[in-house]
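Please read it with the structure open beside you.

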Amino acid sequence: MSNFTDLHSLVAHARTVRRFRESAPVSMQILEDLVSIARLTPSAGNFQPLKYVLSNDPLTNARIFDCLGWAAYLKDWPGPAEGERPAAYVVVLGDAEIAKKVEWDHGIAALALQLGAAEQGLGACILASVQRKKLATVLALPEHLSILLVVALGEPAEDVVVEGLAADRSIKYYRDGEGVHHVPKRPLDELVYARYQPTEHR
């Protein structure tokens, strides 16, 4: 396969996972390897203001979990049950002593973390629904470090399927009766607004 085909396959495989095999550990070395990838991603102005908190400790994980919101579209699902919760977390921080405002860096870094996790056979969930003040207290963060995102990690315990939009055009993800998670995606032709190509002049 070409490198582009490999990349396409990796991105298609790196789905958001919300149920994990909590008993399957994720080593600190893997977490550090993922951050090592994230640190190489582009940074606005090359300020590189991101910092990271890494946890694979069950007690700390439980306290982080209590600060998170899961799956807004799944109204009757409160989040992963015990035994299906993440085995590890990467908390992405912004350092105000380096840059007063972080615009895009954390999104780029989080995607790198998710792709790296998929390459390791792990699932990831990038979470922005975070009780930031509570979590900052849990992690004893100084004032200049703000919580931007939390990336939950672990061995996947659910199947996730990407599919086209249904007749009702809904983009809401859902679970079927077998527990398979379905993620509708818009087709390419809806996303490309215009195409400008050179024309032959005779």
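1. Serine 43 sits in the loop that runs between helix H2 (28–38) and strand S1 (50–55); helices (H or I, at least four residues) and strands (E, at least two) are DSSP runs, numbered from the N terminus. With a relative accessible area of 17%, serine 43 is buried, where buried means under 20% relative accessible area, exposed over 50%, and partly exposed in between (1.4 Å probe, protein chains only). Apart from its neighbours within four places in sequence, serine 43 is in contact with Gln48, Pro49 and Asp105, contact meaning heavy atoms within 4.5 Å.

2. A word on the basis of these values. This is a predicted model, in which local features need pLDDT of at least 70 and side-chain atom pairs count only at pLDDT 80 or more, while totals for chains, interfaces and linings use all residues. Residues are numbered from 1 along each chain as its sequence is written, and side-chain values use heavy atoms, with hydrogens and water left out.

3. On the helix packing, Leu34, Val35, Ile37 and Ala38 in H2 meet Ala109, Ala112, Leu113, Gly116 and Ala117 in H4. By class, this contact of H2 with H4 has eight nonpolar, one polar and no charged residues; Ala, Val, Leu, Ile, Met, Phe, Trp, Tyr, Cys and Pro count as nonpolar, Asp, Glu, Lys and Arg as charged, and the others, Gly among them, as polar.

4. Eight salt bridges are found in a search of the whole structure, a salt bridge being a side-chain nitrogen of Lys or Arg within 4 Å of a carboxyl oxygen of Asp or Glu. One of them pairs aspartate 95 with lysine 51, whose closest N and O atoms are 2.7 Å apart. Because aspartate 95 lies in strand S2 (residues 88–95) and lysine 51 in strand S1, the pair ties together parts that are 44 residues apart in sequence. Aspartate 95 is buried at 3% relative accessibility, whereas lysine 51, at 34%, is partly exposed.

5. Glutamate 190 and arginine 169 also meet through their side chains in a salt bridge (2.0 Å, N to O). Glutamate 190 belongs to helix H6 (residues 188–191) and arginine 169 to the loop between strand S5 (160–164) and strand S6 (174–175), so the pair links distant parts of the chain, 21 residues apart. Glutamate 190 is partly exposed at 37% relative accessible area, and arginine 169 counts as partly exposed at 44%.
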